[in-house]
Amino acid sequence: MGDRERISYLPVPERGDVPEGVSRLWDKAQEAFGFVPNVFRAQAVNGDQFLAWWGYFNLLVNKEGHLSNADRELLAVVVSSVNRCTYCEVSHGAALREYSGDPVTADLVASNWRQAGLGEREHAMASYAERLTLHPAEVTETDLEPLRAVGLDDHQVVELVQVVGMFNLTNRVSTALGLVPNPEYHSSGRATS
């Protein structure tokens, strides 16, 4: 099955090797989640760059915005699935299960969003996210029409585009570094018996 202990193609820095801001973030994550996400550990090779990425990522994905948390996680999972980014597909699939309360739909979105039975609004968002991910040079103003038709305003459109862009960046970094999702993500948001 491979080396389950290895979380990245590169050596992962130890606590003493990272800037204080990174170790504080690790502590906050440990307190909030009970573990430190592997993406936090592996990207800390370049601590200051990691913190800059985290600042923007956190603003787009975790703070109150113009889209709901479930909307942003839907976009994250669609983009990550299209890009076949294992780390983000699994970790944000867990978040989508949590925010949506619907593990079946979240799992279907991760596999093939077209078969997930999404509502009209979510379908328009997923379709746009896929198009921008696969064919960015072909995207035109006309591609915004389905988003407008389901009621997205300018603030929501810009946030959608930024979230899609962030996940395309993050997917490429995670894939290039061979990041492995934390085991905790696999059970998160699932009913326990």
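Predicted model: local features only at pLDDT ≥ 70, side-chain atom pairs only at ≥ 80, totals over all residues.
Contact here means heavy atoms within 4.5 Å. Keep that in mind for the residue lists.

Let's start with S8. It sits in the segment before α1, which covers 20-33. Is S8 buried or exposed? Buried: its relative accessible area is 4%, and the cut-off for buried is under 20%. So S8 counts as buried because 4% falls under that cut-off.

What does S8 touch, once residues up to four places away in sequence are set aside? A42, L177, G178 and L179. The backbone oxygen of L177 is 3.2 Å from a polar atom of the S8 side chain.

Together with Y9 and V45, L10 makes a nonpolar patch of about 300 Å². Where is V45? In the loop between α2 (38-42) and α3 (47-61). V45 is partly exposed, at 42% relative accessible area. Patch residues need over 30%, so V45 at 42% passes that cut-off.

Next, R121. This residue belongs to helix α7, residues 120-134. R121 is partly exposed, with a relative accessible area of 23%. That value is not under 20%, so R121 does not count as buried. Leaving out neighbours within four places in sequence, R121 contacts L67, D71, V150, L152 and Q156. Take L152 from that list. R121 and L152 are 31 residues apart in sequence, yet 8.5 Å apart in space, C-alpha to C-alpha.

Now the whole chain. How many helices and strands does the protein chain have? There are 10 helices and 0 strands. Read along the sequence, the pattern is α-α-α-α-α-α-α-α-α-α.

On overall dimensions, the C-alpha trace spans about 50 × 40 × 30 Å along its principal axes. The radius of gyration is 17 Å. For 193 residues, a compact globule would come out near 16 Å, so the chain agrees with that expectation.

Burial and surface next. Of the 193 residues, 44% count as buried. The chain exposes about 10,400 Å², and carbon and sulfur atoms supply 51% of that.

Last, contact range. Take contacts between residues at least 6 apart in sequence: 66% of them join residues at least 24 apart.

Technical notes:
Residues numbered from 1 in each chain as written. Heavy atoms only, no water. Patch = residues over 30% accessible without salt bridge, like charges linked within 9 Å, V, L, I, M, F, W, Y side chains within 5 Å. Areas by Shrake-Rupley, 256 points an atom, 1.4 Å probe, with all protein chains shown as cover. Salt bridge = Lys/Arg side-chain N within 4 Å of Asp/Glu carboxyl O. Helix = DSSP H or I, 4+ residues; strand = E, 2+ residues; numbered from the N terminus. Buried < 20%, exposed > 50% of the residue type's maximum accessible area, 1.4 Å probe, protein only. Rg over C-alpha atoms; globule rule 2.2 N^0.38 Å. Polar contact = N/O pair within 3.5 Å; in protein donor to acceptor, adjacent residues only side chain to side chain.
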